[in-house]
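Thank you all for coming; please bring up the sequence and the model side by side, and I will walk you through one part of it slowly.

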Amino acid sequence: MKVLVITDIHSNLAALRAVLEAAAPFDKVWCTGDIVGYGPEPNECVEMLAGLPLRATAGNHDLGALGKLPLQVFNPAARAALRWTADALTRESIQFLESLPRTLVTDDTLLCHGSPREPVWEYLFSPFQAENSFPVFAQQLCLVGHTHLPAVFRKAGGAACEQVPWDPPVLTIEEGLRFILNPGSTGQPRDGDHRASFAVYLPDRHTVENIRINYDFSLTQRKMSQAGLPQSLIDRLPWGL
Ligand code: ZN
């Protein structure tokens, strides 16, 4: 079985399409949220995902676009993009996004957007933060998103959680260790690398590979300009910030 793991697509259809093409063929797609927000093609991204063998959780931007989180908690550019997104969403897209749970377990893997401890809002930037989430779930593997940064947090028994670089890109899910992994953002990476980020999980081989691929961000930028989305969001894409 081959599982494509994606997160933080943020209505960036060009990036999503490139990732799906690069990862194909795959058996399942797992997405840990923020399908919409920031970008120019929320309905197109929802439609594309809805046609896949998908399991997905809701992100804070998905919930913000649905009016389930107050928009004041988002920064001004994110808020402006969420207002635009809320207006643009079709009835079908709203239904799809409303169906997303905040956490789910599939194939003995926990999916959530922020952290197991606080699935919608907590950012896992450090092993100290991740440490507090390991007691909250029972599975060996948890997949998250939210920070837009690829990350590997691992924990052995009672030892303190450690963060290790995702290098080499093929990570082995070793027996006796538990992991919280972030595949990095498909539609708005923030680690200084503009390329779309995703992961491929091969449960039978116990490996998760982090992969980066180029996509035509100028296409997304043009559509953002046409939609009147904030310039700061347009300018950040080539920088991966
Ligand atoms: Zn996000």
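This is a predicted model: local features need pLDDT of at least 70, side-chain atom pairs count only at pLDDT 80 or more; totals for chains, interfaces and linings use all residues.

Now let us turn to the neighbours of β1. Strand β2, residues 28-31, runs parallel to β1 and is joined to it by four bridges, and within that pairing V5 has W30 as its bridge partner. Strand β11, residues 196-202, runs antiparallel to β1 and is joined to it by three bridges, with Y201 as the bridge partner of V3. If you follow the chain from β1 through helix α1, residues 13-23, and on to β2, you have traced a right-handed β-α-β unit.

Next comes the metal: which residues coordinate the zinc ion? They are D8 through OD, H10 through NE2, D34 through OD and H148 through NE2, at 2.1 to 2.2 Å. Because D8 sits in the loop between β1 and α1, and D34 in the loop between β2 and α2 (42-50), this pair ties together parts that are 26 residues apart in sequence. Both residues are also buried, D8 with a relative accessible area of 0% and D34 with one of 1%.

Finally, the angles among the four donor atoms run from 86 to 175°, and the site of the zinc ion is irregular.

Conventions:
Residues are numbered from 1 along each chain as its sequence is written. Side-chain values use heavy atoms; hydrogens and water are left out. Two strands pair if DSSP finds at least two bridges between them. Helices (H or I, at least four residues) and strands (E, at least two) are DSSP runs, numbered from the N terminus. A crossover is right-handed if, with the strands pointing away from the viewer, the path from the first strand over the helix to the second runs clockwise. Donors are N, O and S atoms within 2.8 Å of the metal (3.2 Å for Na, K and Ca); water is not among the atoms, so sites may look incomplete. Four donors count as tetrahedral if all angles lie between 85 and 135 degrees; four count as square planar and six as octahedral if opposite donors are over 155 degrees apart and all others between 65 and 115; anything else is irregular. Buried means under 20% relative accessible area, exposed over 50%, partly exposed in between (1.4 Å probe, protein chains only).
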